[in-house]
Amino acid sequence: MPKLARQQLIVELAHDGPLPNQHELCKVLGRRGFPVTQATLSRDLNELRLVKTSQGYMLPNGDATAEPLPAVSRLVREFVREVRRAQNLLVIKTIPGSAQPVAVAIDSEAWEEVVGTIGGDDAILVIASDSKTARHLQSRLEGMRA
């Protein structure tokens, strides 16, 4: 979760305005509890598609709403520990603190099988339209964990 949380903080900082050079940004992140090397920060900025301008690093076109989301398959592989089914419901157990990002990623996929999700700290409730659909969705998510 540290990478995802660190990248989320970088995006939040970018919402407030252009980010300073990488050296200064490393210091800011360190003070916020995310000690990071310049190489790691450079990869983060690249993955987040931040652009370097004369004012500093910014979201593309100054668009503060363009937050790239990690692929659902990556989040499931990294954070999901168990997927259990009960009729048309799935309970997805995650490592602590990662249920929300996984739930957001599932929602962003707009899968027809998913009626809705509720994400807590370490568990997500996924509601499917029926038991058969829930079984299919469970198989899809478990396949991402492999």
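Start by selecting D44 and R6: the two form a salt bridge, with their closest N and O atoms 2.5 Å apart. A salt bridge here means a side-chain nitrogen of Lys or Arg within 4 Å of a carboxyl oxygen of Asp or Glu. Now colour the helices (DSSP runs of H or I, at least four residues, numbered from the N terminus). D44 sits in helix α3 (residues 38-47) and R6 in helix α1 (residues 2-15), so this pair ties together parts that are 38 residues apart in sequence.

Before you move on, a word about the model. It is a predicted one, in which local features need pLDDT of at least 70 and side-chain atom pairs count only at pLDDT 80 or more, while totals for chains, interfaces and linings use all residues. Residues are numbered from 1 along each chain as its sequence is written, and side-chain values use heavy atoms, leaving out hydrogens and water.

Buried means under 20% relative accessible area, exposed over 50%, and partly exposed in between (1.4 Å probe, protein chains only). D44 is buried at 1%, and R6 is buried too, at 11%.

Your second stop is helix α2 (residues 22-31), where K27 and E24 are 3 residues apart, about one helical turn. Their side chains meet in a salt bridge at 3.6 Å, N to O. K27 is partly exposed at 39%, as is E24 at 32%.

Finally, select R84 and E82, whose side chains form a salt bridge at 3.7 Å, N to O. R84 is exposed at 53%, whereas E82 is partly exposed at 34%.

How many salt bridges does the rule count? The count comes to 6.

Conventions: Helices (H or I, at least four residues) and strands (E, at least two) are DSSP runs, numbered from the N terminus.
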